[in-house]
Every structure is written in structure tokens, then in C-alpha cells.
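Could you walk me through a few parts of this fold?

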Amino acid sequence: MLSLDPLSPEWDCPLGSKDLEEEEGPRGGGSGLPPTGCLPGSWRQDVGLDCKGSPEGAEARAWTVYYYSLLQSCLQQAGLPETQDRSQVPRTGCPGAEVTLCILGSPSTFLSVLLEGGVQSPGNMLLCLSPAWLMKVPAPGQPGEAALLVSKAVSFHPGGMTFLDDFVPPRRATYFLAGVGQGPGWGREAAELARDLTCPTGASAELARLLEDRLLTRRLLAQQGGVAVPATLALTYKPPGLLRGGDASPGLRLVELSGKEGQETLVKEEVGAFLHSEALGDVLQVAVKLSGWRWRGRQALRLHQRVELDAVVDTVLALLEKLEEEESVLVEAVCPPPRLPFPGSPSPGPELAVRICAVVCRTQGDRPLLSKLHLVESDPNHFASQLVQTFIHFDLTEHQRDEENARLLAELVRARGLQLDGCFSYWDDCLVLTALLCQELGLPCNPPAAMRLAKQKSCTQLHLLHCHGPPWPAPSLHAVPCCPLESEADVARAVHQVPLPGVMKLEFGAGAVGVRLVEDAPQCHEHFSRIARDLQGEADHPGIGLGWGNAMLLMEFVEGTEHDVDLVLFGGRLLAAFVSDNGPTRLPGFTETAACMPTGLAPEQEAQMVQAAFRCCLGCGLLDGVFNVELKLTGAGPRLIEINPRMGGFYLRDWILELYGVDLLLAAAMVACGLRPALPTHPRARGHLVGVMCLVSQHLQALSSTASRETLQALHDRGLLRLNLLEEALVPGEYEEPYCSVACAGPSPTEARLRLLGLCQGLGIDGPNYPVAHFLSHFK
């Protein structure tokens, strides 16, 4: 495995005596209990982990639960299904006749072996999460030897499928591999189980002492294999025979200590000489750690700058107190991780071979496993009706009846015998209905109340204004004062409560349709009356939320640059965020004009925007899903425009997939099924995209001639621009949405911007009434 990330501060573990004492207890904890940190993911807890006839104490039981949770977390991060509990119906068979490959150890350590074993010998690769699941019995006719029987285990099958099984009668192990070096508690039990077995074993306590001593491994590699190892100073207390004598190894100095106390002068001399030695080359940092088989997997580590002699000496002396015989304190060079070249960039150093392993989901019969797609749609002639496994025609337009419709849809799903793992929507109007349906069917989802809160814009702002924390910074810092409007009387009150100029918009609107800057009270009344007259229901302008009504709101207008933040959340944790910039709009309207990705904000400003978006989502109760948050960056920090509780619209999914290789639609589907998407922690864009919107009201002539759909598509196919069609027909109207987005790519935002400007001038998209250069001016 190659890491492209720099060394993290998380590697710098504390080395106080209390911390080390805590690590020395059974199975690695001072209290004998497993780590208390939360493992990423969610899974069923009501599984049968008890082994009949072999009760566990509270401490051992806690470890069994921990290792089961660790297995589920590892499976989810690999995109594999959760373990199914079959322990209520014990497995039967022919004891001794089948192959039984048994592993006792940490799931994270042996996962790759277990998965491959499940492919090559389905059902015969078994993982035991507790020594209590195993027992030794005397082997008939073989004095002094024992057979190992498996009463309970997790069995592995093709496609990454796993089952929690009981075996009656127990299965006889034909091969046994144990993690014997995991600590004094479990290690001793595993070593005892592995001793004097009739079947082959893959480990022993004696072998672990050799293989898991980092210093011994380096000495053997350097002396006998000619392998370059990190420059190392080893201060050893009563070293084992294999470390005594022999030729010196390049870059590896061993100093044998006569005792653990009174070594201050020797340590200072040796450490000083090592830090100034040529063996370290141009290394800037050193690590101080313990070496010995006891310390495998529980490494106490401290990083120091090479020039910090006194600090390094103090750390070494603190660790000397913890040594037992045949153990060492190592001071070693910190080698930076390899940096892999990106396409088109020069090689950073020696050639590297990278092995990439893709996990493909397959059934037990080794056939590709595809997800079944079911679609609910109001239009019986929808183009996708012929592309899905199941099509359900259902009128979804009456959203005042969402609760009733959710119950009816749930009945339809059950009547058809559909076994669903998740349900989601990327259509604004159906988001609350989706949450209600998930609730009816017991599927993963955000609470319907949270979706309603995010769906209604004034409720979002007013709720967040009262979220003063903790945690801090509180979401109230980002909310904007507003007033809901349902009547002319509401407008009259609102103009005295919200500072003007303000922004009037539809409560449930989308696409910036009907959004307008209002300067004074007469303009507020005029715009409210116009919307109440022109946009009364879904038929007046389909797809902008009028199925929820045409109520409006008045909110304060805030100055600043506008940005979109697309978030992926799972279990209330932020998995990924993508920030884009928007150009100035054509006031008094707010229809989008231009955009740029990735953002041109400074890193600290980008971080502010991401945190503001994240905290606003959490403040509304949105914990799982893909969300689009619109914000402005003002002189006082980020301010919220609105939350769209679905993935970003227009071109955003396409751009993020192109620049970062992340598909937001796939991520939304995975979260809806309760699966954590595997996303890059710090995504790095592969270039820059800058785009402009084309409007029928401004570009009808160009879109019918020089910039026709056929011309734009041809340029897209040749890679000269990126086209996202947003509407099918060239129909002008007072309340319009963009017809299409036209973008250009480049290695820098400047080059992408200049390419786009030249293209727009040539195609007739740029003009006096639609100054593209002005719209792109924010991206300089």
C-alpha cells in the first residue's frame, strides 16, 4: 500500500508513562478493555456473538463485540455487504471431511486473506473473533497432540459475502493461523491454542518473537539481503543472540545497554552523534519508538525535528524505563512517503510500480451482482420506464398529501414483493416524500422533519438563527434574517422587520425562478402580487416547486461572492466537500450566469465555507446524504442562502466527476443503502473548469444559428468545450431557467477563462446585453 498523504500529526502519539502503562494490559488496554473510539459505519448490533458452552467474561465479551464491529467497518469501507447472522440455525456437515481454514485474529489484519479464501474455498475460510469459539481436544491415536474444533465463526464466500455461523457438531480445523503477537492477553491464548496441533499452523509464539521484532528484521535484511533500511540508532537492553556480534550494517548502529537506569550520558552521546551523522542525509525529522514483539500493532511513537537533541534524548530516556529483555528503543529517520507522478507531470524519482486492486461484487455462484433499479414516476411515458427493473406509475405532484402517498407507495412496494435496500431522490419536490417512504419501509434516511426544514427556505433560516451552540461556531452565525410571506399583510409586516434592500423568492422554489432584488416596500408588494398572479400551481411552471404552493419569503440581501458547497455526509460525518464559485448575476434577477471549479478562494476561506455548510446541515438534522449548500462569503464570514437537501443541480455532478473522479449520484445511492462511500479525504482537482449559462431570452438568435445544439454538441464531442443541456426546447418566457451550460477546461483558471471567453465571442454568446467578460471577472 502506498500513501500519497504527508505524515499526519495523528502519528505523533504521546509517550508519557501513564499512556505506556495503559498499553501494556491484556489485548493492549490498561483496563483490559478495547479502544473506545467510534468505528466508522453503522450495522446491526443484535447478533448472536455468544458461543454455547463457552461463556465469556465481561472483558472478553467486550473484545468480541469490538472485533465484530471492526469487521463490519472494514467490510463497509471496502464496499462489501454486512455480515448476515445465521447462528440461530446451526450449520451441519461431515466433521473432518471438509477443508476448514481457521484464522483467530483481528479482522483488519487478515481481511485480504479472508476475502481471497472465500473466493477459492467458499464457506471454508473461517474467522474466529474470540478464543472461546475454539476448543482443543486430544487427538485419537496421537499422544501429546490435539485437534482444534471450531464451534462458531464468520464464514467467507465469493463476492465478499460473510455469515455468522454456529457449527453443530463443531468443525475440525485443517489449518490454523493466529495473531499470536497481539498482546499479553490474547497472544498467550492464541499461542496455547496453536501449540501441539495435528493440523498445520501458520504462526507460533516463537516465530512471532522473530518476525515481529522490527530491529532484528532490519538487521537481517540489511546484512543478508542487501536491502536499504532507514538510518537507525538502536539502544538495546540484553539483546537476543541473533543481534549480538556480526558485521556492522550500513546505517544501522546497535548500542547494547548494561541497564535501564543511569544511562543519561551514554544516551546523549549516542543520540547526538547519530543526529549529526551522514547516515541521516538530508532527513529533517526522526521518530522515536519501541522495538520488540510485544509492541507490534501498539506503537508508541514520537516525531521530533532533527535539531531537537534535548527533546529526542528525553524521549529515549522515558522509553528506556519500559524496556524488558531483548527490547530496544529506536531513533530512526522519517522517510517521506513516495509521491506518485500525475499524468503529464515529470517523474519525481525512481520508477514505481503501482498495483491497483478493484473489488467487484459477485454472487456465491461467481456471477456479477448488479443492483436492481426501481423507479416511481408521475409520467407514464417517462423515458426511463423501459430501462428499470420495476416501473411504478404514481401521481407524485400533490405534495400536500405526502404522508398519505408514502403509505400507499409502501403498500405497493410490499404487494410487489420488492426487497429494497434504500430509496432516494434527486428531485426537489419529492425529497420529503422519499423520507416518509423510507420511514414507512424501515430504510436508512434523514428524518422527514429535517427534510421539511431544509425544503422550506424561511424555516431553514429561522431555525438556524436560534441554533447558538454548542457545538461552536454555531450555525446561527451563518443564518440570514427573513420573514415568510403568504399574504399582502405579511408583506406589510415584513418590510419593517427585514432590512431593505432584500431578496424575495418562492419558499419551495428552484432554479432561481421568481427570485428578485427589491429595494423598497412598493417593489415588495408589486413582486408579491406578480408571483401570486403568474405562478399559482405546478401547471404554470413545472419543476420549480409549485406543487408545494406559491408562498414566498423576504430575506436580507447580503453583499459578497456566491459559492456552492456540495457535501457528502454519512452518519453525521463529513466525507467530502467540493466548492465552486459563481459569477455576478444580472440584477435585479438572480439567474446563474457563470461558474468556476475548483474554487479560487484561499484555503482558509474555502475551509470556512465547507465548515459553514457542514454545520448548517447538521443544525437542520441532515446527517446522511449528498447536499448542495449555497452561501455567500461576506466581510463577516459565510452567510447562508439556502440548503438543497439533494445533490447539486445543473452541471455540478458532471463537473465533480470530471475534475475529481467522484460521482455524487453513486455516493447518494450508496448512502441511501446505508453504505459508506469510499471517497478521497482530500480530493485534488485534475484541472479547472469555467462555464457560462445560456438563456433563451438573451441567446435565442445564437442558439438557433452559430451556437445551435448541433454545433455545441459537435464541439463537445471534439473536446473543445463541455456542454450540459438543461432544457429541451428554445421557449422564451418571463420566468426562465438556463437553457444550457457551456464550459472550457484548462490547467489553470486563467487559461480556462480565456478559452471560454474566446469561444463565447466566436459563437455569439458574448454581447452587450450579456457581457461574458464581466461574468467571468470574479475568477481572475
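This is a predicted model: local features need pLDDT of at least 70, side-chain atom pairs count only at pLDDT 80 or more; totals for chains, interfaces and linings use all residues.

**Helices and a sheet, by question**

Q: How is α11 oriented relative to α12: roughly parallel or roughly perpendicular?
A: Helix α11 spans residues 448–455 and helix α12 spans residues 457–465, and their axes lie 5 Å apart. The packing angle is about 105 degrees. Angles of 65 to 115 degrees count as roughly perpendicular, so α11 is, relative to α12, roughly perpendicular.

Q: Which elements do the buried residues of α15 pack against?
A: Helix α15 covers residues 603–619 and reaches 24 Å from its first C-alpha to its last. Its buried residues include Met-609, Val-610 and Phe-614. These buried residues of α15 pack against α12, β19, β20, β22 and β23.

Q: Which strands are at the edges of the open sheet of five strands?
A: The sheet has mixed pairing, in the order β9-β8-β12-β10-β11. Within it, β10 and β12 pair in the antiparallel sense over six bridges, and Leu-290 stands opposite Val-329 in β12. The strands that pair on one side only are the edges, β9 and β11.

Q: At what angle does α8 run to β10?
A: Helix α8, residues 309–320, lies across β8, β9, β10, β11 and β12. Its angle to β10 is about 5 degrees.

Methods:
Residues are numbered from 1 along each chain as its sequence is written. Side-chain values use heavy atoms; hydrogens and water are left out. Axes are lines fitted to C-alpha atoms, for helices over the stretch in contact, and angles run from 0 to 180 degrees between N-to-C directions. Helices (H or I, at least four residues) and strands (E, at least two) are DSSP runs, numbered from the N terminus. Angles under 35 degrees count as roughly parallel, over 145 as roughly antiparallel, 65 to 115 as roughly perpendicular and the rest as oblique. The expected span of a helix is 1.5 Å times one less than its number of residues. Buried means under 20% relative accessible area, exposed over 50%, partly exposed in between (1.4 Å probe, protein chains only). Contact means heavy atoms within 4.5 Å. Two strands pair if DSSP finds at least two bridges between them.
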